[in-house]
Amino acid sequence: MAKIDFGGVLEEVVTREEFSLSRAREVLKNERIAVLGYGVQGPGQALNLKDNGFEVIIGQRPEEPVYWNKAIQDGFEPGKTLFPIEEAARQATIIQYLLSDAGQVATWDKVKACLNKGDALYFSHGFSIVYKEQTGVVPPEDVDVILVAPKGSGRTVRTNFLDGSGINSSFAVFQDATGRARERTLALGIAIGSGYLFETTFQNEVFSDLTGERGVLMGCLAGMMEAQYNTLRRNGHSPSEAFNETVEELTQSLIRLVAENGMDWMFANCSTTAQRGALDWAPRFRDAVLPVFEELYASVIKGSETRRVLEANSAEDYREKLDKELTAMRESEMWRAGAAVRALRPENRK
Ligand SMILES: NC(=O)c1ccc[n+]([C@@H]2O[C@H](COP(=O)([O-])OP(=O)(O)OC[C@H]3O[C@@H](n4cnc5c(N)ncnc54)[C@H](OP(=O)(O)O)[C@@H]3O)[C@@H](O)[C@H]2O)c1
């Protein structure tokens with residue numbers, strides 16, 4: 001493992017140089033891998049495994065045709081490489097549990113019954129294992145329980161693989177029944193197309209992931225944008241002006257600079273007027289939202305977030321309710337203004 005200095009803290013990272021694809025092929029040469037679930041992560045990981053030469057089959061319920069048909073379109077054949085969930089789980093030695101987290105809870109008893117001694121049960125999220133009191137997912141002691149969690153959408157897992165770059169993932173071993181759990185995990189990490197592999201635990205993965213998506217990555221981002229947009233609108237600014245100053249300039253310019261070279265570089269490449277104000281106001285915002293982040297993290301640890309997810313996402317009318325919420329967002333003035341602003345991007349000029 002390479003030791004890398006992250007802001008003064010040394011961490012170990014596994015690279016493709018140390019753990020090559022050919023080593024992964026050697027480690028997994030006698031394994032049959034079942035990817036259960038063909039939603040978002042399922043296709044990305046399964047297609048990368050297949051293209052990398054691993055033996056992979058899909059487990060997906062046929063009675064819900066959308067993802068079953070998607071697997072067929074992607075080249076998996078019913079009865080040969082595409083099966084109902086339990087059948088795929090029974091045939092495999094590595095079971096990649098890539099149903100939605102609520103779907104894992106719903107199918108666990110059936111999947112558990114398909115596990116054989118020495119199998120590896122693989123997750124891309126610590127959710128089911130860490131919150132076992134809520135999910136009931138307690139694997140038998142004679143299987144490996146491992147995790148590789150790509151740090152991005154399943155779509156990026158695939159597109160980065162196709163452009164040759166790979167995606168970064170975290171990995172963890174929760175239970176090592178065979179003595180091979182770690183090498184199986186690293187081999188799978190490389191096999192699904194990871195570029196770098198960062199070691200974690202199931203617990204740290206799920207705590208940080210749930211916090212991140214509720215926080216800066218999605219929840220906080222959406223709330224903060226709305227607050228600024230509304231402030232500008234209440235003070236008489238037009239929708240286009242409020243949207244441009246809140247979202248468009250961020251997504252089209254500034255955040256790209258942050259991605260390239262960090263926050264200081266973005267600040268350094270803005271006007272001195274912008275710099276001064278941003279430097280003065282950043283600590284005010286940090287201190288204002290800190291208590292909300294503390295509350296969020298506590299809610300994650302307590303299991304309140306997962307309880308809410310399981311309740312909401314296993315409801316019969318889950319998709320309808322979700323659609324309603326997303327439609328309300330899309331049809332709000334702010335995001336309708338956004339659609340109009342996006343259409344006016346210079347690259348969209350006919
Ligand atoms: N989305 C991401 O980018 C991402 C990133 C990192 C990690 N992860 C993790 O990867 C795992 C898979 O996530 P995902 O986003 O790919 O999930 P998803 O797109 O929501 O996948 C849904 C899959 O689960 C199946 N499913 C749901 N409920 C079911 C049930 N009751 N019975 C049988 N099948 C059911 C769906 O099939 P049907 O059509 O039959 O319902 C579909 O195949 C999760 O642990 C997630 O936390 C996801």
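**View 1. The accessible surface of the protein.** In this predicted model, the accessible surface comes to about 19,400 Å². Carbon and sulfur atoms account for 53% of that area. Turning from the surface to the interior, 39% of the 350 residues count as buried.

**View 2. Charged side chains.** Here you can look for 40 positive side chains and 50 negative ones. The centres of these two sets lie 3 Å apart.

**View 3. The fold as a whole.** The protein contains 17 helices and 10 strands. Its radius of gyration is 22 Å, close to the 20 Å that the globule rule gives for 350 residues, so the protein is as compact as a globular protein of that length. The C-alpha trace spans about 65 × 50 × 50 Å along the principal axes. If you draw the contacts between residues at least 6 apart in sequence, 69% of them join residues at least 24 apart.

**View 4. The largest nonpolar core.** This core has 36 residues, and the members that touch the most others are Leu36, Tyr97, Phe123 and Phe202. Helix H10, residues 202-214, supplies the largest share of the core with four residues. A second, separate core holds 33 residues, among them Ala24, Phe54, Tyr122 and Ala191.

**View 5. A closer look at Phe123.** Leaving aside residues up to four places away in sequence, Phe123 touches Tyr97, Gln104, Ser128, Ile129, Val137, Val145, Ile146, Leu147, Val148 and Phe202.

Methods. Residues numbered from 1 in each chain as written. Predicted model: local features only at pLDDT ≥ 70, side-chain atom pairs only at ≥ 80, totals over all residues. Heavy atoms only, no water. Helix = DSSP H or I, 4+ residues; strand = E, 2+ residues; numbered from the N terminus. Rg over C-alpha atoms; globule rule 2.2 N^0.38 Å. Buried < 20%, exposed > 50% of the residue type's maximum accessible area, 1.4 Å probe, protein only. Contact = heavy atoms within 4.5 Å. Areas by Shrake-Rupley, 256 points an atom, 1.4 Å probe, with all protein chains shown as cover. Lys, Arg positive; Asp, Glu negative; His and termini not counted. Charge placed at Lys NZ, Arg CZ, Asp CG, Glu CD. Core = buried A, V, L, I, M, F, W, Y, C linked by side-chain atoms within 4.5 Å.
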